[in-house]
Amino acid sequence: MVSNISTQKLKKAQVETPSEVIDFFWQLLSKHRKSFGKILDMGAGDGRFAQGGTYDSYEGIEIDKRKYHNCKVPERATIKFGCVFKQAEKEYDACIGNPPYVKHNNIGSKWRERVIKYINSELEMLLSKRSNLYVYFISLGIIKTKSAGLIALIIPYEWVYRPSAKALRDYIDKQGWSVHVYRFKQSIFDEVDTTASITIIDKTVQFGKWYFYDIDKEFNVNPRRNMLGTNYTLLKYANRGDIWAMRGLSPGTNKVFTLSEEERMSYKLHLNDVSPCVTSLRSVPKNLCVLNNRSFKKHFIKSGKKCWLIRSDRRLSKRLHRYLEGISEEERDTSTCNNREIWYAYSCHPSPKILYSSGFTKFGPKFLINGIGAKAVGAVHGIHTNIMMGKVHLRNYLLKINFEKQVVPYSGMLKKIEVRQMNSILKKYIEDVKKKKETK
């Protein structure tokens, strides 16, 4: 599996679990089982999970040689080097651990195809190809455990609602197993934004129910009303309609592909070498309605923001060619750049009618009418349409929606609205406009 994931991504994915989190992990498991027979740790790292808990035997599998050579475990524990998905043994009393968090687009396609085929043959469950790596580990835990076994993993909380994990959730519900999800209110890993959880799937229960909890910084556990923790329901997911949302362009790495005005000038790039772009709306006042030449100059150009997207999606000028030749391999070592025939030749998105921030902290995102044809990049998404629409009317409609109560917190106070969730809002907007016209 290591060969299918970039070194940079793998190092970031394999974060060490703090000792106090492991202690708390075993405390939670003791509420479900007083002791365990045979345990499998599906990504053992340096074997730190083996230091706690009451079990007869612990078997850890670790694929990273750097961590494997530093393992120190009790006598009743062993750690093997290799890929846990190639390990044949089953019938474990519990599968535990903190699997690496790797996004679907950083997983090798051949490895993914093999694993999806294996899981489907074992469970008759067809996983989405857009599933992040932890979904495969949950599925493997189900395969490896006994009929009365337990799966207990430290994984992102997002698995409880993301469409890419729906097949897995449906399978669990069909079996009638209980699921206890303990959501950390604070970050437990350095340099990791995603909200973490301890998820425990208990196969002994046959009247399946989901239980949600919050964990504060002192490790106190408080019941959570539901997945959202509010009286609202989760925003639905929808496909594109006449008005649709689109993710911000990901050209490869903002460090290379987007420039501030000062950087553009220092590299002697002309305005026809770049396009205006928006990579963040954080510094833009929420009451700003339209991005025009004046507001773009004030809030982006003069304030030193990354506001120019290099146009390497078309024929290059000599100036731009010189700039790109000066980029080191280390600077452009991303999966996006590495998977292209020409590392810098991205496909450009159309300019959206309305720009919005996919991330926000309170109530809802900022929405900005795009009066200069700026490109949406990264976490800034766009609203597009092929029909006539009142942009000001739509913006005012969106600003009245309490998105905060209808999405799951992504990390701490940060919330995110996903593209297909925004599509459901835009479809409702069209329906509301039609109804209003019909009543006149």
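Strands, labelled E, are DSSP runs of at least two residues, numbered from the N terminus. The model shown is a predicted one.

**First stop: isoleucine 198**

Select isoleucine 198, which lies in strand E7. Is this residue buried or exposed? Its relative accessibility is 0%, and isoleucine 198 therefore counts as buried. Display its surroundings next: beyond the neighbours within four places in sequence, isoleucine 198 is in contact with Phe24, Phe25, Leu28, Leu153, Ile154, His180, Val181, Tyr182 and Phe184.

**Second stop: threonine 195**

Move to threonine 195, in the loop between E6 and strand E7 (196-202). Threonine 195 counts as buried because its relative accessibility is 5%, and the cut-off for buried is under 20%. Residues up to four places away in sequence aside, threonine 195 touches Ile155, Pro156, Tyr157, Arg183, Phe184, Pro409, Tyr410, Ser411 and Gly412.

Now select Phe85, Tyr136, Trp159 and Leu168, the residues with the most contacts inside the largest nonpolar core, which has 45 residues. At least two residues of this core come from each of strand E4 (92-97), helix H4 (109-123), helix H5 (133-144), strand E5 (145-156), helix H6 (166-175) and strand E6 (178-184). H5 supplies the largest share, nine residues. Centre the view on tryptophan 159: apart from residues up to four places away in sequence, it touches Tyr134, Ile138, Ala165, Leu168, Arg169, Ile172, Val179, Thr199 and Trp210.

Show H5 together with H6. Their axes are 10 Å apart and the helices pack at an angle of about 25 degrees. H5 and H6 are therefore roughly parallel to each other, and their crossing is left-handed. Val135, Ile138, Ser139 and Ile142 in H5 meet Leu168, Tyr171 and Ile172 in H6.

The axes of H4 and H5 come within 10 Å and cross at roughly 35 degrees, and H4 passes H5 in a left-handed crossing. On the H4 side, the contact includes Trp111, Val115, Ile119 and Leu123; on the H5 side, it includes Leu133, Tyr136, Leu140 and Ile143.

Select helix H13, residues 419-439. At 1.5 Å a residue, its 21 residues should span 30 Å, and the end C-alpha atoms are 31 Å apart, which agrees. Colour its buried residues: Val419, Gln421, Met422, Asn423, Ser424, Ile425, Leu426, Tyr429 and Ile430. These pack against several elements, including strand E10 (243-246), strand E15 (354-357) and helix H12 (391-399).

How are H12 and H13 oriented to each other? They pack at an angle of about 120 degrees, with their axes 11 Å apart; H12 and H13 are therefore oblique to each other. H12 passes H13 in a right-handed crossing. His393, Leu394, Tyr397 and Leu398 of H12 make the contact with Met422, Ile425, Leu426, Lys428, Tyr429, Asp432 and Val433 of H13.

Key
Residues numbered from 1 in each chain as written. Predicted model: local features only at pLDDT ≥ 70, side-chain atom pairs only at ≥ 80, totals over all residues. Heavy atoms only, no water. Helix = DSSP H or I, 4+ residues; strand = E, 2+ residues; numbered from the N terminus. Expected span 1.5 Å × (residues − 1). Buried < 20%, exposed > 50% of the residue type's maximum accessible area, 1.4 Å probe, protein only. Contact = heavy atoms within 4.5 Å. Core = buried A, V, L, I, M, F, W, Y, C linked by side-chain atoms within 4.5 Å. Axes fitted to C-alpha atoms, helices over the stretch in contact; angles between N-to-C directions. Parallel < 35°, antiparallel > 145°, perpendicular 65-115°, else oblique. Left-handed = near helix turned anticlockwise from the far one by under 90°.
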